[in-house]
Amino acid sequence: MASNARLDHRNPFVFDTHELGRRPGALQRLSRTIDAPADLGIQGVIGVPEGAPVELELRLESVMEGVLVTGTARAQAEGECVRCLEPVGLELEADFQELFSYPDADDRGRVIAEPGDDAEDDEDRFFLEDGLFDLEPLLRDAVVLALPMQPVCQEDCPGLCSECGARLADDPDHHHDAVDIRWAALQGLAGSLEDGEKDEMSGADAEAGVDEKQEK
C-alpha cells in the first residue's frame with residue numbers, strides 16, 4: 001500500500017530499518033510504548049481510548065523482498081456490554097505480521113513503488129519508504145480483528161428486563177406477572193356483567209320500594 005505523503009521519523013508509529021540492513025536473515029527486536037490514536041477499535045462498540053498506552057513488541061527480519069514485521073500490541077480496551085449496557089474493560093492483545101517490500105529508486109533517487117502485473121495487488125501491499133515503515137494501518141487492522149464484535153460484561157449476562165429495563169444480574173428473582181391477553185379480555189367481560197347485574201338489582205330494589213309505598 002503506497003503512501004502519497006512522506007513518512008516522518010518523529011511519528012511514534014514510524015520505524016526505521018536502516019540499522020537492520022538488507023542482508024537476508026538479519027533480525028532486530030524493538031519495544032515501544034505509544035499513545036493510542038483516535039478511533040482505535042470498533043467505533044461505537046469497543047476500543048482503546050485515545051491517548052491510552054499501547055505496548056508494542058516487534059520483530060524485524062530482513063528477507064529478499066523486504067522487511068518482515070511480526071509483532072504484538074497490548075492495551076486496555078473499553079466498551080459497553082451489548083446486553084446490559086454496563087461498562088466493559090478487557091486486556092487487548094493483538095498479533096500481526098506483514099511484509100514491507102523494498103521499493104525501487106529512479107535516477108534522481110526518489111522512492112517509487114515497484115508496479116506489479118496487477119494494480120489491485122499493489123494496492124494491498126505495504127512498501128518501505130527511505131527505510132521507514134508506518135505501523136499504524138497494520139495496528140488498526142489487528143486491533144479490530146482482536147476485539148469482540150459484541151462485548152459482554154460476563155458470558156452469562158442475562159441483560160435487561162424487556163418490560164422495565166432493570167438489570168437482571170442485580171436481581172435474579174426479578175419478574176413481572178404475565179397475564180394472558182385472552183384471560184384479560186374474559187376478566188373484563190366478567191366485570192362488565194357483574195356491573196350490569198348490580199345495576200339490575202338496584203333497579204329491582206327501587207321498583208319494589210315504590211310498590212310497597214303504593215300498597216300502603
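The report below takes up the ring pairs, then the charges over rings, and finally the cysteines.

This is a predicted model, and it holds three aromatic pairs. A pair of aromatic rings is described by the distance of the centres and the angle of the planes. Because Phe-100 belongs to strand 7 (residues 87–101) and Phe-133 to strand 11 (residues 132–134), their pair ties together parts that lie 33 residues apart in sequence. Both Phe-100 and Phe-133 are buried. Ring pairs also join Phe-15, Phe-100, Phe-126 and Phe-133 into a cluster.

Rings meet charges as well, and one ring of that cluster, Phe-15, has the charged end of Arg-32 sitting over it. The table lists this contact together with that of Arg-22 and Tyr-102.

| Charged residue | Ring | Distance of the charged end from the ring centre |
|---|---|---|
| Arg-22 | Tyr-102 | 3.7 Å |
| Arg-32 | Phe-15 | 3.9 Å |

How many disulfides does the structure hold? There are zero disulfides, a disulfide being a covalent bond between the sulfur atoms of two cysteines. For Cys-84, the closest cysteine sulfur is that of Cys-153, and because the two sulfurs are 3.7 Å apart, they are too far from each other for a bond. The sulfur of Cys-157 likewise has its closest cysteine sulfur in Cys-153, at 3.7 Å, which is too far for a bond. Cys-84 counts as buried, at 4% relative accessibility, and Cys-157 is buried with a relative accessible area of 6%.

Definitions and conventions. Residues are numbered from 1 along each chain as its sequence is written. This is a predicted model: local features need pLDDT of at least 70, side-chain atom pairs count only at pLDDT 80 or more; totals for chains, interfaces and linings use all residues. Side-chain values use heavy atoms; hydrogens and water are left out. Rings of Phe, Tyr and Trp (its six-membered ring) pair if their centres lie within 6.5 Å; planes under 30 degrees apart count as stacked, over 60 as edge-to-face and the rest as tilted. Helices (H or I, at least four residues) and strands (E, at least two) are DSSP runs, numbered from the N terminus. Buried means under 20% relative accessible area, exposed over 50%, partly exposed in between (1.4 Å probe, protein chains only). A charge sits over a ring if NZ of Lys or CZ of Arg is within 6 Å of the ring centre and within 35 degrees of the ring normal. A disulfide is a pair of cysteine sulfur atoms within 2.5 Å.
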